[in-house]
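This report goes through one structure, from a pair of side chains to the metal and ligand sites and then to selected positions elsewhere in the chain.

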Amino acid sequence: MSPSIIAGEKENYEDKIKKAEREGVELIHLDVMDGRFVPNSTFLADTIKKLRPVTTLPFDAHLMIEKPIDHIDEYIDARCDIITVHAEACTEKEFAVIQERCLAAGISPGIAINPKTDVPKWLYPYLPDLDIVIVMSVNPGFAGQKFIPETLPKMVAVNKELREHGFKGYIEADGGIDATTLQPVYDAGARIFVAGSAVYGNSDIHSAVIHLRHKAAVTLEKRLLEHSTKLGIRADWMKARKNILIPYASELAIEEELNAIK
Ligand code: DX5
Ligand code: ZN
């Protein structure tokens, strides 16, 4: 879970980070917008630098800026843990430098693609050392937009293409992720979920995070069950995992099966 702090009430970033940390999220998503690459401005590296002491959680910086090559050192200096730049905003040569600088600083490099952008072929040689690919499911610029359903089959295809070319990192879903879209993007291959409005859109952040986590857990357990069935160990699997499966039994439609286990 990587909550995006630009969502919800205006600014108050420190508070939002602390609240998300209390709910046990894994990352903090920082949407950097320069008002040029996207038609909106949020904050830049100086703000990230100020926010750095607020938490020990990794900072997942998503740079929606023109010419990220000109600013990469500022984000490295601000001690981001993941730095993702847009494929539309750099050339192969620039990305090579960005990736190299991130890796040299111990930072995970990432690349983001807009809903209408394909994985650039020039990226293939860089995939084995790339940690994150953000597949945007809205046009970047604002929190609270509607998920674009066409990005789902795209994510499936992108995942396959990336794996075939040596990508070993995580696909990150970003844009309109909520309790209804999280499961489909999980199934499409995403394992990091950015949630802006779904986390900060109402005052009950606690329930929001629990709900999203529950959805992810159901999807994981469903896949593990399917896998155990394929391997011919479903009964043993369910027995060994009974206590974990109980909270998800009704959504997995396995209540009777689970009750029958001694
Ligand atoms: C879109 C940003 C997203 C967005 C997430 O430009 O990159 O991270 O703010 O917010 P929601 O989850 O509300 O779409
Ligand atoms: Zn983002």
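The side chains of histidine 86 and glutamate 88 are joined by a polar contact of 2.8 Å. The model is a predicted one. Histidine 86 also makes a side-chain polar contact of 2.9 Å with histidine 62. Histidine 86 belongs to strand E4, and it counts as buried because its relative accessibility is 0%, under the cut-off of 20%. Leaving aside residues up to four places away in sequence, histidine 86 touches Phe37, His62, Leu63, Met64, Ile111, Ala112, Asn114, Met136 and Pro140. Histidine 86 and isoleucine 134 are 48 residues apart in sequence, with a C-alpha to C-alpha distance of 8.8 Å.

One of the residues touched by histidine 86 is Asn114. Asparagine 114 sits in the loop between strand E5 (108–113) and E6. With 14% relative accessibility, asparagine 114 is buried. Beyond residues up to four places away in sequence, its contacts are Phe37, His86, Glu88, Met136, Pro140 and Lys154.

**The zinc site**

Which residues coordinate the zinc ion (ligand 2)? The donors come from His29 (NE2), Asp31 (OD), His62 (ND1) and Asp174 (OD), at 2.1 to 2.2 Å. The site has 6 donor atoms, and the angles among them run from 68 to 171 degrees; the geometry is octahedral. Along the sequence, the spacing of the donor residues is H-x1-D-x30-H-x111-D. The two aspartates link distant parts of the chain: aspartate 31 is in strand E2 (residues 28–33) and aspartate 174 in strand E7 (residues 170–174), 143 residues apart. Aspartate 31 and aspartate 174 are both buried.

**Ligand 1**

There are 20 residues around ligand 1, and those that come nearest are Asp31, Gly141, Gly144, Asp174 and Gly196.

| Residue | Part of the residue | Distance to an oxygen atom of ligand 1 |
|---|---|---|
| Histidine 62 | polar side-chain atom | 3.3 Å |
| Glycine 196 | polar backbone atom | 2.8 Å |
| Serine 197 | N or O atom in the side chain | 2.8 Å |

On its own, ligand 1 has 380 Å² of accessible area, and the protein covers 99% of this.

Glutamate 161 lies in helix H5 (residues 151–164). Is glutamate 161 buried or exposed? Its relative accessibility is 18%, so it counts as buried under the 20% cut-off. The side chain of glutamate 161 makes a polar contact of 2.4 Å with that of tyrosine 124. Apart from residues up to four places away in sequence, glutamate 161 touches Val119, Lys121 and Tyr124.

Proline 153 is in helix H5 as well. At 55% relative accessibility, proline 153 is exposed. Proline 153 and leucine 212 are separated by 59 residues in sequence and by 22 Å in space, C-alpha to C-alpha.

Phenylalanine 147 is located in the loop between strand E6 (132–136) and H5. Phenylalanine 147 has a relative accessible area of 12% and is buried. Its contacts, without residues up to four places away in sequence, are Ser137, Val138, Leu152, Gly175, Gly176, Ile177, Thr181 and Val185.

**Two positive phi angles**

Most residues other than glycine have a negative phi. Lysine 67 is not a glycine, yet its phi is positive, at about 45 degrees. Lysine 67 lies in the loop between strand E3 (59–64) and helix H3 (72–77), and with 41% relative accessibility it is partly exposed. Arginine 79, again not a glycine, has a positive phi of about 60 degrees. Arginine 79 is in the loop between H3 and strand E4 (82–86). What is the accessibility class of arginine 79? Arginine 79 counts as exposed because its relative accessibility is 55%, over the 50% cut-off.

Note on methods
Residues are numbered from 1 along each chain as its sequence is written. Chains are lettered from A and ligands numbered from 1 in the order in which they are written. This is a predicted model: local features need pLDDT of at least 70, side-chain atom pairs count only at pLDDT 80 or more; totals for chains, interfaces and linings use all residues. Side-chain values use heavy atoms; hydrogens and water are left out. Donors are N, O and S atoms within 2.8 Å of the metal (3.2 Å for Na, K and Ca); water is not among the atoms, so sites may look incomplete. Four donors count as tetrahedral if all angles lie between 85 and 135 degrees; four count as square planar and six as octahedral if opposite donors are over 155 degrees apart and all others between 65 and 115; anything else is irregular. Helices (H or I, at least four residues) and strands (E, at least two) are DSSP runs, numbered from the N terminus. Buried means under 20% relative accessible area, exposed over 50%, partly exposed in between (1.4 Å probe, protein chains only). A residue is near a molecule or strand if one of its heavy atoms lies within 4 Å of it. A polar contact is a pair of N or O atoms within 3.5 Å; within protein, one must be able to donate a hydrogen and the other to accept it, and residues adjacent in sequence count only if both atoms are side-chain atoms. Accessible areas come from the Shrake-Rupley method with a 1.4 Å probe; for residues, only the protein chains shown count as cover. Contact means heavy atoms within 4.5 Å.
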